[in-house]
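Okay, everyone, thanks for coming. Let me put today's model on the screen, and then I'll walk you through how its pieces pack.

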Amino acid sequence: MAKTDTILDTIGNTPLLQLRNIVPSNGARILVKVESPNPTASMKDRMALAMITAAEADGRLQPGGAVVEYTGGSTGVSLALICAVKKHPLYIVTSDAFAKEKLDHMRLLGAELTIIPSENGKQTEELTRTMIREAHLLAEKKGAYITAQMDNTDQLAAYSTLADELWEQAGGRIDAFVQSIGSAACLRGTSERLRHHSDKTRFVAVEPAESAVLSGGPTGAHNIDGIGAGYVVPLWQDGMADEIKTVSTDEARKMAFRMAREEGLFCGLSTGANVVAALQVAEGLGPDATVVTMMCDSGMKYLSNFSRHLEV
């Protein structure tokens with residue numbers, strides 16, 4: 001392996017694997033971009049690095065300057081790693097609704113956390129908006145740069161690079177790209193770039209069935225970490241997705257467990273939701289189709305939650 005300067009140089013260029021056992025009945029192939037080899041085992045390493053690098057480059061973030069973000073966990077962990085390497089103090093606004101492993105990981109990497117109490121551990125629109133409001137107040141108080149992932153277009157460059165990786169690894173054919181919606185940056189950035197490669201790829205958004213706001217449903221509470229803000233997020237654009245699929249927390253959890261047991265891929269619930277939707281899309285496209293989706297992170301981030309749902 002080539003020598004690298006820092007851990008940040010290992011971000012990206014992750015493998016694309018074909019599912020062998022969890023497959024559609026029609027024989028179409030489903031390819032999963034396995035993001036767990038990234039330093040914090042998450043695709044969010046890509047966007048966090050892009051946000052910090054861009055802010056440093058144009059002077060919004062000075063050397064040694066403090067950073068603030070609101071996050072359900074994975075973005076916070078990724079920012080904590082990058083800020084540790086680049087020597088930026090990091091202040092995170094998060095909640096007890098999110099995996100304890102993520103909160104502990106952020107603290108271990110040096111971030112200072114503000115915890116917003118949730119309603120029975122559920123993710124809701126009210127919780128998201130409260131976290132955002134508190135983060136902006138904290139940034140003002142600290143005189144810090146707020147990365148503000150829900151509005152930040154700097155991260156789109158990271159997903160453009162992801163799209164190029166996917167296109168090359170898939171052999172120049174992707175019939176559909178399926179991705180769950182948190183900030184919407186991944187689907188937006190990836191779809192914009194993939195459209196330069198082909199005008200034939202379909203783009204499918206995935207959201208929690210309990211809070212299917214993109215589909216026109218009411219806001220609600222769910223337990224799929226990292227997606228389903230409970231309202232139409234700023235980076236979402238009409239026409240960005242050709243189709244929207246809804247997946248329940250229970251369906252996502254069951255698929256995450258199947259991925260571990262049948263494919264050896266230990267993932268979180270957002271990945272489980274992606275695969276549920278990808279199977280549905282593949283069935284509709286026919287036997288020659290190639291459907292690509294994301295394994296967003298590692299299931300190691302959710303062990304305490306998963307253990308409560310294991311069959312004895």
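**Helices and sheets**

So, helix 1 (residues 44-57) packs against helix 2 at an angle of about 50°, and their axes are 8 Å apart. That makes helix 1 oblique to helix 2. Oblique here is what remains once angles under 35 degrees are called roughly parallel, over 145 roughly antiparallel, and 65 to 115 roughly perpendicular. Axes are lines fitted to C-alpha atoms, for helices over the stretch in contact, with angles from 0 to 180 degrees between N-to-C directions. Helices are DSSP runs of H or I with at least four residues, strands are runs of E with at least two, and both are numbered from the N terminus.

Before I go on: this is a predicted model, so local features need pLDDT of at least 70 and side-chain atom pairs count only at pLDDT 80 or more, while totals for chains, interfaces and linings use all residues. Residues are numbered from 1 along each chain as its sequence is written, and side-chain values use heavy atoms, leaving out hydrogens and water.

Back to the helix pair. Who touches whom? On the helix 1 side we have, among them, M47, L49, M51 and I52, and on the helix 2 side, residues including L79, I82 and C83. Contact means heavy atoms within 4.5 Å. The residues of this contact divide into eight nonpolar, four polar and four charged; Ala, Val, Leu, Ile, Met, Phe, Trp, Tyr, Cys and Pro count as nonpolar, Asp, Glu, Lys and Arg as charged, and the others, Gly among them, as polar.

One is open, with four strands in the order 5-4-3-6 and parallel pairing. Strand 5 (112-116) and strand 6 (145-146) are at the edges with a single partner strand each, so one side of each has no neighbour in the sheet. Pairing takes at least two DSSP bridges between two strands. Strand 4 (residues 90-95) and strand 5 run parallel, joined by five bridges, and S95 has I116 of strand 5 as its bridge partner.

Helix 2 (residues 74-86) packs on this sheet, touching strand 3 (67-70) and strand 4, and its direction makes about 165° with that of strand 4. Helix 3 (residues 100-108) packs on the sheet too, touching strand 4 and strand 5, at about 150° to the direction of strand 5.

There's also an open sheet of six strands, ordered 1-2-10-7-8-9, with mixed pairing. Its edge strands are strand 1 (16-18) and strand 9 (243-247).
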